[in-house]
Amino acid sequence: MSTAAAPARSLRPGIVLADLIPASRARDIALVVGGAALTGLAAQLSVPVPGSPVPVSGQTFAALLVGTALGARRGFLSLALYAVVGMAGVPWFAQGTSGYGMPSFGYILGMLLAATVVGALARRGADRSVLRTASAMALGSALVYAVGVPYLALATGMTLGQAVSAGLVPFLIGDALKAALAMGALPAAWKLAGRRG
């Protein structure tokens, strides 16, 4: 059998970027732990938003990348680990916070859902072209808000309109920039993997 045939099979639809690493239980554990750690590190890149209890941070972008690169199952496990460890007291949520009593905790739950969904979409090739990546990132962001904004309203006593104004509107431009980064990075990673194969 020719070795040239192996790369073509490895880049087939139905796999995610993490599947390009030889399979093993140790690989999966390292990817899950690494994804949680990446999200925790990215969360430290945070800036307070005046008038909002929710900061701008890198954790949403990291969560979407983790889900897309690892796939639904590992993405879910990675974000679940991130959430559980943060609830247990490790200060790696945005702005060095931890626990589950903060008004922004709903966004972390939304990231768990979003990582799972974008991971499932990535298995269907949603991370291999610019437009499909943009669509997956937009859907992932929408899912984060779909959980985070109502949670914010409940946790703070805001009306839903106030929660949208404080917990969604200020973040739309940043989300567009994050989607643009993902639109360039993910398809480029697949092209690079194809060339190295």
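Which residues have the most contacts inside the largest nonpolar core?

## Nonpolar core

They are Leu79, Tyr82, Phe93, Tyr107, Ile108, Met111 and Met137, in a core of 42 residues. Such a core is a set of buried Ala, Val, Leu, Ile, Met, Phe, Trp, Tyr and Cys residues joined through side-chain atoms within 4.5 Å. Buried means under 20% relative accessible area with a 1.4 Å probe, protein chains only. Helices 2, 3, 4, 5, 6 and 8 each give two or more residues to this core. Helix 5 (105-123) gives the most, with 9 residues. Helices here are DSSP runs (H or I, at least four residues), numbered from the N terminus.

This is a predicted model: local features need pLDDT of at least 70, side-chain atom pairs count only at pLDDT 80 or more, and totals for chains, interfaces and linings use all residues. Residues are numbered from 1 along each chain as its sequence is written, and side-chain values use heavy atoms, leaving out hydrogens and water.

## Phe93

Phe93 touches residues including Tyr82, Met102, Phe105 and Ile108, not counting residues up to four places away in sequence. Contact means heavy atoms within 4.5 Å.

## Helices 2 and 4

The axes of helix 2 and helix 4 come within 8 Å and cross at roughly 50°. Axes are lines fitted to C-alpha atoms over the stretch in contact, with angles from 0 to 180 degrees between N-to-C directions. Leu31 and Ala36 of helix 2 are among the contact residues, as are Leu77 and Tyr82 of helix 4.

Note on methods: Buried means under 20% relative accessible area, exposed over 50%, partly exposed in between (1.4 Å probe, protein chains only).
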